[in-house]
Amino acid sequence: MEGVLRTDCGTENGVMVGMQCYFRQDGEDTFAGEKAHKYGSSPANQRIEAWWSHFRHGRAGWWIDFFKDMVSAGLLDIGNVMQMEALWFCFEAVLQNELDKVKQHWNTHRIRHSGHGTVPGA
């Protein structure tokens, strides 16, 4: 199997990069091992990147900062399974509510018409 996985430099892609290179380490083609992945720009995903930025600054960022502040203040040890379970017990409902709001917003937002004229499967 030949091919290259191309991703942008987003932090969410690190695991994919490692997996691709690992699974292709024994390949005998020109895309084996470390050559199985290539970083590049991704202008095709600008809208979703902008949306994630908006989400992070609007909702998720507050929670991320809140939990990071707890760690910094020594109130939370993320390596402690009992503390993490207690945190999940306390915040699961409110976090799920936040995610449900995001899902509702995403599933009901207006989508622009395609400039390509046709839509596959239509």
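Student: What share of the contacts in the protein, counted between residues at least 6 apart in sequence, join residues at least 24 apart?

Tutor: That share is 54%, where contact means heavy atoms within 4.5 Å. This is a predicted model, in which local features need pLDDT of at least 70 and side-chain atom pairs count only at pLDDT 80 or more, while totals for chains, interfaces and linings use all residues. Residues are numbered from 1 along each chain as its sequence is written, and side-chain values use heavy atoms, with hydrogens and water left out.

Student: Why is F23 called exposed?

Tutor: Exposed means over 50% relative accessible area, buried under 20%, and partly exposed in between (1.4 Å probe, protein chains only); F23 has 63% relative accessibility, and therefore counts as exposed.

Student: Which residues of α2 are buried, and what do they pack against?

Tutor: The buried residues are W51, F55, A60, G61, W63, F67 and M70, and they pack against α3 (81-108).

Student: What is found in α2 at A60?

Tutor: A kink of about 60° is centred on A60, the bend at a residue being the angle between axes fitted to the seven residues ending there and the seven starting there.

Methods
Helices (H or I, at least four residues) and strands (E, at least two) are DSSP runs, numbered from the N terminus.
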